[in-house]
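Have a look at the model first, then read on.

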Amino acid sequence: MHSRKPFYIFVALLFIIGISTSIYRGIEHNVPFLPGEQVQSWAVDAKISFNGTNQPAEVNFSLPNDPAFDILVENASSPGYGLTISAEAKNRRAVWSIREASGSQALYYRVTLVPTGKLNIETDEVPVAPEAYLWPATEKSAAEQITEEVWVRSATNLSFAQQLMNLINDNDQSQNMALLLSANTPTNLFVHMLHSKGVPARIVNGLQLEDQRRRQQLTSYVQVYNDGEWELFDVPNNKKGRDNTLVLWEYTGNSVLDVMGGTNSLVNFSMLQDTRSALATSIDMMMNDDAWDFSLYQLPLEEQSTFKGILLIPIGVLVVVFLRVIVGIKTSGTFMPVLIALAFIQTTLLTGLIGFLLIVAFGLMIRSYLSTLNLLLISRISAVIIVVIFIIGLFTLISFKLGLSEGLTITFFPMIILAWTIERMSILWEEEGPKKVFVSGGGSLFVATLAYLAMDNQLVQHWVFNFLGVHLVILALVLVMGQYTGYRLTELKRFKPLVGEQ
């Protein structure tokens with residue numbers, strides 16, 4: 001007897017791989033687990049303006065690279081200018097250049113951002129301790145006194161920064177703090193105090209997103225390094241951290257805009273919020289990344305539509321296997337209910353049931369006449385197929401004449417399968433009587449209905465097409481049920497008299 005261990009290991013691997021790939025797809029590629037999910041996106045326009053000085057001009061502009069936002073689409077409008085976008089991961093920049101720029105110049109950059117929820121900026125590189133800030137003589141004593149007092153009361157870089165920010169924004173300020181703020185902005189004073197104690201900190205530029213906002217400029221924030229992470233501080237507003245409406249446009253310590261060959265340079269931002277499908281967004285992101293992927297969305301639309309129907313078949317097969325192997329429902333033909341269920345998807349359930357019963361009923365009547373002719377099997381089946389086509393054509397025509405548009409969908413029924421179903425039922429009628437025919441036909445319709453309900457479910461359709469690992473799980477379930485050799489649920493009724501005697 002062969003060991004079952006390799007089989008169980010194989011089934012377990014199918015489960016694990018199927019579930020793991022589905023989870024990976026949902027988390028890594030942001031494919032929504034539920035259909036119909038929506039995500040917010042932000043269209044941001046940056047307008048760079050400057051005055052040309054009748055000489056070659058080069059504009060170097062920082063591009064967003066914030067892990068809190070994915071870039072869905074970006075493009076630039078710069079008539080007459082050459083454009084280069086650097087591919088450097090940590091310092092993405094756009095460089096416009098022209099041989100001669102004169103008068104007022106305007107360059108545009110547009111980007112569509114999708115929030116990712118990754119608000120933390122982590123780093124594996126421990127920054128170099130900054131050089132201590134050299135305070136002016138008039139401020140040195142006050143600054144040292146404040147920093148020493150706060151340093152003693154703090155335990156980490158984070159707590160030191162938090163207390164400093166609170167002190168800067170305290171309504172009841174000391175004379176020392178008032179003196180320092182009279183000569184420094186709150187943000188600069190905050191950074192100088194942190195550097196005085198060797199705490200790594202840097203000024204970064206962020207853009208606060210607000211729907212339909214125009215002519216907005218970047219705002220300065222401060223990042224403080226603490227235990228492998230850069231913490232964000234909004235000093236003027238006495239706020240730590242950020243939400244998903246703040247884009248860190250530049251946070252590597254470089255300038256946002258450098259213009260050579262121009263004067264009075266300025267950059268303004270306009271933004272617009274939009275809501276779009278989460279699935280469409282994840283597909284666009286995968287296409288942008290050019291990542292090696294098994295997504296069926298890489299296929300042409302015609303093939304995608306075909307696969308959306310094909311990938312539902314395993315669901316119908318799973319329903320059939322469960323109802324036949326575990327429950328014990330008898331059907332006419334093993335997988336005929338799956339094909340009927342596929343037809344139901346096109347015709348809707350009620351129209352499909354009526355059409356199926358009419359075709360089979362008329363087909364059985366015609367088949368009873370053919371049986372009296374003692375034809376060969378091939379000729380008889382061929383005749384039944386032709387008759388089924390005639391019946392479908394006749395019903396379609398009658399439906400059209402009566403204005404019943406639902407009846408036109410009856411052409412989606414698999415004609416060959418219907419012909420074989422009629423042939424089997426006819427033979428069964430002749431050999432075992434009409435009761436067996438009704439049991440077998442009723443079982444087929446019942447299984448086909450359940451398969452249709454499963455296959456027509458939007459959640460199921462979403463999963464089988466977007467998470468291909470689901471099919472490995474279905475395969476594993478079918479294999480497991482294939483090992484079942486016990487009683488069917490419908491067979492248990494045989495033991496009912498024994499239960500009654502007890």
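K435 is out in the open: its relative accessible area is 66%, so it clears the over 50% cut-off for exposed. Keep in mind that this is a predicted model.

**The positive patch**
- K435 sits in helix α13, which covers residues 434-455.
- On the surface, K435 gathers with K330, K436 and K493 in a patch of positive charge.

**E74 and R92**
- The structure has ten salt bridges in total, and one of them pairs E74 with R92, with the closest N and O atoms 2.4 Å apart.
- This pair links distant parts of the chain, 18 residues apart: E74 is in strand β2 (residues 69-77), while R92 is in the loop between β3 (82-85) and β4 (93-115).
- E74 is partly exposed at 27% relative accessibility, whereas R92 is buried at 13%.

- R367 and E423 form a salt bridge, 2.7 Å from N to O.
- E423 belongs to helix α12 (residues 415-432) and R367 to helix α10 (residues 349-371), so their pairing ties together parts 56 residues apart in sequence.
- Both ends are buried: E423 has a relative accessible area of 1%, and R367 comes in at 3%.
- R367 also meets E430 in a salt bridge, at 3.8 Å from N to O.

How values were computed: Residues numbered from 1 in each chain as written. Predicted model: local features only at pLDDT ≥ 70, side-chain atom pairs only at ≥ 80, totals over all residues. Heavy atoms only, no water. Patch = residues over 30% accessible without salt bridge, like charges linked within 9 Å, V, L, I, M, F, W, Y side chains within 5 Å. Areas by Shrake-Rupley, 256 points an atom, 1.4 Å probe, with all protein chains shown as cover. Salt bridge = Lys/Arg side-chain N within 4 Å of Asp/Glu carboxyl O. Lys, Arg positive; Asp, Glu negative; His and termini not counted. Charge placed at Lys NZ, Arg CZ, Asp CG, Glu CD. Helix = DSSP H or I, 4+ residues; strand = E, 2+ residues; numbered from the N terminus. Buried < 20%, exposed > 50% of the residue type's maximum accessible area, 1.4 Å probe, protein only.
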